[in-house]
Amino acid sequence: MTTPASSPALRLLPRLILLAAAALLALAAWWAVSAWRDWQKGFDPETVVAASLQGLQEQNVLVPFTARYVAVVTSTQSRLGLEAKKTLIMPGTVRYELDLAKLKQSDLDWDAATNALTVTLPPLRLAGPEIDLDSISEFRDGVILLTLTDAEKTLDAANRKAAQEELIKQAKGTVPMRLAQGAARTAVEQSFSMPLKAAGIEAKVTARFADDPAN
């Protein structure tokens, strides 16, 4: 008994199956490499930094520090040979704000060689003072002049203006500005270092103001 010869199509079938399997394996490998590259890109330091910057910009304003001050001012009026004097004690709170909308990509300097990020911050701005009306105290002298003229109105206006200027002057003092800037640096450094650390990237983040002395 003789075995019929196999047809050409049947002889090619195993090869076609092998070629199809090889093609599927190559396609799977390509997808794996592509996915790995995407994963790597997602944890690229500059990508993480850019995402952190966008988050800060969306936050818009950061208030790293607030402080309460007390202004004590005195104004005097002399009329008709008489003198009137009023002293105002006015507490107020000042907020130190960082305008994060002004923080740009050009303010970020990533050093890949040392895994270090330097962030240059916009200047702090002062908001307020917010006056604590319930805690205001006044003392006056020269009742006759205050009663007979509009001296009291004039003295009150002068005292309010002088007190607000005094509160801002105190807020701009060396010590509170140093504390506010320190708090701002720390807050921004954490805003960048925490996402980097969560992505498995060990990096040193330094926030500075443009007028900070060079190290």
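In the predicted model, the largest nonpolar core comprises 35 residues, of which L98, L117, V119, L121, V188 and F192 touch the most other members. Two or more residues are contributed to this core by each of α2 (45–59), β1, β2, β3 (108–111), β4 (116–121), α4, α5 and β7 (204–209). Leaving aside residues up to four places away in sequence, the contacts of L98 include V61, L62, L121, L124, A184, V188 and F209. A second, separate core has five residues, among them A84, L146, A151 and L155.

Three strands form an open sheet of mixed pairing, in the order β3-β4-β7. β3 and β7 are the edge strands, each pairing on one side only. On average, and with direction ignored, neighbouring strands of this sheet are turned by 15° against each other. The pairing of β3 with β4 is antiparallel and extends over four bridges; D111 has A116 in β4 as its bridge partner. Helix α5 lies across β3, β4 and β7, and runs at about 150° to β7.

Helix α4 spans residues 151–171, and its first and last C-alpha atoms are 30 Å apart, close to the 30 Å expected for its 21 residues. The buried residues of α4 are A151, L155, D156, N159, A163, L167 and A171. Viewed down the helix axis, these residues fall within an arc of 145°, so they line one face of α4. Their cover includes β1 (61–79), β2 (82–99), β5 (125–131), β6 (137–141), α3 (143–148) and α5 (174–198). On the other side of α4, K153, K161 and K169 are exposed.

Technical notes
Residues are numbered from 1 along each chain as its sequence is written. This is a predicted model: local features need pLDDT of at least 70, side-chain atom pairs count only at pLDDT 80 or more; totals for chains, interfaces and linings use all residues. Side-chain values use heavy atoms; hydrogens and water are left out. The expected span of a helix is 1.5 Å times one less than its number of residues. Buried means under 20% relative accessible area, exposed over 50%, partly exposed in between (1.4 Å probe, protein chains only). The arc is that of the directions from the helix axis to the C-beta atoms. Contact means heavy atoms within 4.5 Å. A nonpolar core is a set of buried Ala, Val, Leu, Ile, Met, Phe, Trp, Tyr and Cys residues joined through side-chain atoms within 4.5 Å. Two strands pair if DSSP finds at least two bridges between them. Axes are lines fitted to C-alpha atoms, for helices over the stretch in contact, and angles run from 0 to 180 degrees between N-to-C directions.
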